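Here is a short briefing to read alongside the model. Take a look at the structure first, and then we can walk through it together.

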Amino acid sequence: MNEHSEARSLKRLAGNGRYLRLLLLAGAVGIPVSVAAFAFLALLHWLTHLVWEDLPHRWDLDPVPWWWPAPCLLVGGALVAVAVARLPGRGGHVPIDGLSPDPIRPSYVPGVLLAALGGLPLGVVLGPEAPLLAVGGAVAVLLTQRWGPSPGTPESALLSTSGSAAAIAVIFGGPLVAAVFILEASGRSEMRGPRIVLPCLLSAGVGALVFTGLGDWTGLPVSSLSLPDLDAPARPDLADLLWTIPMSVLIAVGVLLIHRLGRRLVPFAKRRPALAAMVAVTVTAVCAAAYSLLTGRSPVEVVLSGQDSLETLAEDGSAFTSGALVALLLLKGLAYAVSLASLRGGPIFPGLFLGAAAGVLFSGLPGFGLVPAMAAGMAAATGAILPLPVSAAVLVTLLLGSGSGGMTPIVLIAVVVAFVSEQVFDQSAPGKTASAAPAPH
């Protein structure tokens with residue numbers, strides 16, 4: 001669609017009373033979705049803090065011992081196994097298939113919540129973004145069934161997508177990333193262009209405002225994906241740009257290996273979902289224990305999504321030795337692969353953390369600064385994991401903050417190089433897309 005036809009389309013939509021009503025519904029949907037997302041994240045934060053900080057401190061286990069993740073993960077794996085094997089919807093989308101804005105049935109929500117709240121705070125190496133997308137879309141469908149468009153219609157699907165946009169705006173820290181993601185991920189569907197962008201922008205904007213207000217009002221420590229202020233250079237040096245290219249290729253190859261390992265486990269996970277979930281958490285527990293025993297560092301750095309550990313890595317990356325970083329990449333990468341195939345959650349957060357860890361490791365190269373290396377690592381990992389290059393670039397650029405605007409060229413180069421490298425090397429899956437397979441019935 002060219003510029004003139006887009007302008008005419010927007011003008012027609014602005015004068016369409018039916019579409020204006022749909023816009024109002026999308027804005028209204030953003031309010032309850034953000035409230036539901038806030039409650040989900042608040043509960044997730046509380047459970048995570050309880051398991052990994054309160055209980056070890058209460059039982060005089062500071063610092064967390066190497067064996068602590070094992071019992072936590074086994075309980076979490078059992079809860080995920082129940083959701084995947086027994087409840088409708090099988091706990092939601094399989095994370096190795098990527099993120100999907102496609103709506104799910106409201107009857108699937110209990111399984112999605114059990115898999116997410118049972119697994120994520122107990123150490124599963126996945127993020128909360130996929131459950132939030134699912135819950136946001138389902139809440140939108142539930143609220144509009146009686147006074148909105150008929151279920152199964154394009155209008156109903158659009159409102160569900162708007163609900164997903166409001167939910168994803170919460171976890172990614174702003175409505176811009178959500179709108180770009182929804183637009184790019186929905187580019188292959190019938191709903192594209194201004195028709196889908198405007199409701200998603202409105203719903204995400206309203207949702208972000210409500211979420212921020214709830215945080216100020218309640219005082220609950222619910223945080224979105226964020227980094228501390230980085231001491232970034234005004235612009236990257238030539239060495240930064242040159243090192244970014246081979247590092248991005250290597251990260252893309254690493255992501256491809258993780259995905260291939262996960263893909264090999266998918267047939268087993270489909271045949272024996274409960275057993276596969278228990279095997280995945282057992283492997284994760286062994287990886288965490290091995291990392292702690294080998295490096296003397298906390299096993300918590302291997303488990304969980306990496307959201308909190310990302311801040312620690314950015315603030316004090318020099319505290320990690322090269323050996324510890326290599327062990328972290330290998331062992332958390334292995335735990336990530338089995339989690340992608342057999343458990344439930346989002347694929348982006350652990351990938352961002354692993355990319356940042358790779359950046360810290362590569363920052364030891366001559367002339368490669370720490371912040372440019374981390375920026376390139378996160379961008380390359382996100383570009384390879386989430387095959388939506390524009391969304392990946394926007395997410396990492398906003399994550400770095402306004403003070404790191406000079407890193408934008410690094411981010412763009414890393415995303416493009418990693419995205420192209422992964423597509424070139426991954427000849428076994430030429431049709432790979434961002435959307436997950438349809439939810440099971």
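Where is the place of aspartate 60? Aspartate 60 belongs to the loop between α2 and α3, and we will come back to that loop below. Please keep in mind that this is a predicted model.

**Overall picture**
- The protein has 16 helices and 0 strands.
- Of its 441 residues, 56% count as buried.
- If you take the contacts between residues at least 6 apart in sequence, 80% of them join residues at least 24 apart.

**Backbone points to check**
- As background, most residues other than glycine have a negative phi, and most peptide bonds are trans.
- Aspartate 60 is not a glycine, yet its phi is positive, at about 55°.
- With a relative accessible area of 69%, aspartate 60 is exposed, since the cut-off for that class is over 50%.
- The loop between α2 (17-58) and α3 (69-86) also holds proline 63, which is joined to aspartate 62 by a cis peptide bond with an omega of about -10°.
- Arginine 90 is another residue other than glycine with a positive phi, near 55°.
- You will find arginine 90 in the loop between α3 and α4 (109-119), where a relative accessible area of 46% makes this residue partly exposed.

**Aromatic rings and a charge**
- Searching the whole structure gives 2 aromatic pairs.
- In the pair of tryptophan 59 and tryptophan 68, the ring centres are 5.9 Å apart and the planes meet at 70°, so the arrangement is edge-to-face; the angle cut-off for this class is over 60 degrees.
- Is tryptophan 68 buried or exposed? Tryptophan 68 counts as buried because its relative accessibility is 5%, and the limit is under 20%.
- Elsewhere, arginine 297 places its charged end over the ring of phenylalanine 320, at 3.8 Å from the ring centre.

**A nonpolar surface patch**
- Which residues make the nonpolar surface patch of about 340 Å²? The patch is made by Val416, Val420, Val424 and Phe425.
- One of them, valine 420, lies in helix α16, which covers residues 408-425.
- Valine 420 is partly exposed, with a relative accessible area of 43%.

Methods:
Residues are numbered from 1 along each chain as its sequence is written. This is a predicted model: local features need pLDDT of at least 70, side-chain atom pairs count only at pLDDT 80 or more; totals for chains, interfaces and linings use all residues. Side-chain values use heavy atoms; hydrogens and water are left out. Helices (H or I, at least four residues) and strands (E, at least two) are DSSP runs, numbered from the N terminus. Buried means under 20% relative accessible area, exposed over 50%, partly exposed in between (1.4 Å probe, protein chains only). Contact means heavy atoms within 4.5 Å. Patches are made of residues with over 30% relative accessible area and no salt bridge: like charges are joined within 9 Å, nonpolar side chains (Val, Leu, Ile, Met, Phe, Trp, Tyr) within 5 Å. Accessible areas come from the Shrake-Rupley method with a 1.4 Å probe; for residues, only the protein chains shown count as cover. A salt bridge is a side-chain nitrogen of Lys or Arg within 4 Å of a carboxyl oxygen of Asp or Glu. Rings of Phe, Tyr and Trp (its six-membered ring) pair if their centres lie within 6.5 Å; planes under 30 degrees apart count as stacked, over 60 as edge-to-face and the rest as tilted. A charge sits over a ring if NZ of Lys or CZ of Arg is within 6 Å of the ring centre and within 35 degrees of the ring normal.
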